[in-house]
Amino acid sequence: MDHFLQIAASGVVTGGIYALIAIGFVVVYKATGVINFATGELMMLGAFFGWTAMTVLGLPFAAALVVAALGAAGVGALVERVVLRPMLGQRPISIIMVTIGLSAVFKGIAQIAWGGEYRSFPPIFPRKPVELGPIILPSRQAWPFLIALAAIVALAAFFRFTRTGTAMRATADDQATAFGMGIDIRRVFSLSWVLAAVTAALAGVVVGIIGGISPQLGAVGLRIFPVVILGGLDSVGGALVGGILIGVLENLAGGYLDPLFPGAGIKEVAPFFALVLILMVRPWGLFGTREIERL
Amino acid sequence: MLIGNFKERYADDEALFRTPASRAGLWVLLAAALAFPFLAGDYLLYLANLVGIFTIAALGLNILTGYTGQISLGHAGFAGVGAYATAIAATRLGLPFWAAVPAGGLAACLAGAVVGMPSLRIKGLYLAIATLAAQVIFEWVFNNWTSVTGGIRGLNVEPASLFGFAFDTDRRTYFLVLGAATLLAFGAANLFRTRIGRAFIAVRDRDISAELMGIDLFRTKILSFMISSTYAGLAGGLWVYFAKVVTPESFPLSLSIQFLAMIIVGGLGSIKGTLFGAVFVTLVPEGLRAVVQSATTFAPDAMSWLAPMKDILFGAMIVGFLVFEPHGLAELWNRVRRFFWLWPFPK
């Protein structure tokens, strides 16, 4: 039982991070209908911004987080304005490919700016592991998880209580009506990309602390697809639940199946089997809106 | 100015070549392609084989994505299935290449049918994600089903041979690839003059309307997946006889993306465009390599920048075409052609 709890707990930690990335992804999808394949690369850029702020500029960790968020916000706003705005309303294939193209550009730029080698953050948190009853979490997992959690709560509060957050929710709900009520749709589009970039950057720093950073960090971005499909592409709550579920599933599969098939890497592929299953049974996910087509 | 090109019968309207000039152009292209191996060096021939194989796979993807409107991020996976099936047929069953490559096509066809199953319920972005999952799962199987695929060590294959003529060098393999690519390109072009091909286009333009006109959506979509993945599988089979070895890392997600880039750059829903795209996307990074190599004379460490610059160029190419020339090189070609047709009048 302790073994199970231990595995499940580190699954929740991973899942919390997935949830953070997935929320940014869902916000963009809801506002603009764009599936963002460059999420992973935005994470990677954010992680490098944070790393540079800490090691090169010597800033404290909190300031580095702010730098990472601001840097990524700039990238997000720029990308939305220059590349994605002209693509609005295009075929799905074009929208997918344009974000894939962006991810290649980001990866190339990061390789030129920071080199291809593997780097790690300087130690930030107290080394003492966190103990919760029978569960022991290493500190470099527990603290980042708390950061992710704080970011999610802050985002939820933003959507719930601020004027801008309400405007964004209204736009996602019904674009034409929101426009009619005087909401600046273009600002909402831009803002949703900024938010997605900021959540990706925070998640990137968190992932970087746990596992180190390199231009290949963006590969983690693929994992959010099972998460958002399980939760529902257009549900922020679903992203949260889906993230945790997929994180736990991944760790359970890793913990129980990997010893049976040594070296098979079941942990990496299990979420994708789950993804196929969900698409077969309930393509709109747990909390997503079921699309009804009319002629 | 182009004059006297009147369509007087339905057959003229349906013809593969609208004008005598375009037919003549094709003969010239074929003649040039046949003369190419006698003039080009080894490296160019290697690239030409690569282009030929990629053209076949991209043709398949264009049938599915460009003509039927179903997105696939799993075409490298289908090519991999074809490659492994070909290699297994050749080594374990001892089949000659002219049976092993079609066996690869058949295996990929079945894989395509399975992956295409969800396409009735889900479409657009969701389908793209489903095929992405298929790609990840295929790659995982290639890596881990060691008893069949040989794991990361892969499978080695003897060169193809026909009537005692061994296709053992790139120069000889070239004829194999050229023959297959030509046949399959004609096959694809003719496909869209048939009932099935027209149904694909109808499904792409508006699937519900197509269904109301009596097109069986499920059958049509599955058929498109099957034909498309057969092309990819045949390309994979040829790849085996080109590389003489098949390993899991030959068919990553990035190859699927490269195929998509080819049809975007070349032109969605255009056979000619697919060829342009395969040539362009394969050769532009090589051009970059040549430029960077010549830059080493005044910047000795320029080569270390090659890989990231390739990434940037590749991404910029996709984004640039989508934003500025969404119909790809095929449309550019048509514009140039129209200019000469109408010359000396402005368009």
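Reader: What share of the chain A contacts with a separation of 6 or more is between residues 24 or more positions apart?
Author: 75%. Two residues are in contact if their C-beta atoms, placed from the backbone, lie within 7 Å. This is a predicted model: local features need pLDDT of at least 70, side-chain atom pairs count only at pLDDT 80 or more, and totals for chains, interfaces and linings use all residues. Residues are numbered from 1 along each chain as its sequence is written, while chains are lettered from A and ligands numbered from 1 in the order in which they are written.

Reader: How many helices and strands in chain A?
Author: Eleven helices and two strands. Both are DSSP runs numbered from the N terminus (helices H or I, at least four residues; strands E, at least two). The order from the N terminus is α-α-α-α-β-β-α-α-α-α-α-α-α.

Reader: How much of chain A is buried?
Author: 51% of its 295 residues. Buried means 20 or more other C-beta atoms within 10 Å of the residue's own, with C-beta atoms placed from the backbone.

Reader: Switching to chain B. How many residues of chain A are in contact with it?
Author: 34, against 35 residues of chain B. Helix 4 (92–114), helix 9 (224–231) and helix 11 (266–281) of chain A each supply at least two residues of that side. Helix 4 of chain A gives the largest share, 16 residues.

Reader: And by class, what is on that side of chain A?
Author: 27 nonpolar, five polar and two charged residues. Nonpolar covers Ala, Val, Leu, Ile, Met, Phe, Trp, Tyr, Cys and Pro; charged covers Asp, Glu, Lys and Arg; the others, Gly among them, are polar.

Reader: How do helix 9 and helix 10 of chain A pack?
Author: At an angle of about 125°, axes 7 Å apart. Axes are lines fitted to C-alpha atoms, for helices over the stretch in contact, and angles run from 0 to 180 degrees between N-to-C directions. The two helices are therefore oblique to each other. Residues meeting there include Val227(A) and Leu230(A) from helix 9, and Val241(A) and Leu245(A) from helix 10. The contact has eight nonpolar, four polar and no charged residues.

Reader: Where do the axes of helix 10 and helix 11 of chain A come, and at what angle do they cross?
Author: Within 8 Å, crossing at roughly 130°. Helix 10 spans residues 236–257. Among the residues that meet are Leu249(A) and Glu250(A) in helix 10, and Lys267(A) and Ala270(A) in helix 11. By class, that contact has eight nonpolar, one polar and two charged residues.

Notes. A residue is buried if 20 or more other C-beta atoms lie within 10 Å of its own, exposed if 12 or fewer, and partly exposed in between; C-beta atoms are placed from the backbone. Angles under 35 degrees count as roughly parallel, over 145 as roughly antiparallel, 65 to 115 as roughly perpendicular and the rest as oblique.
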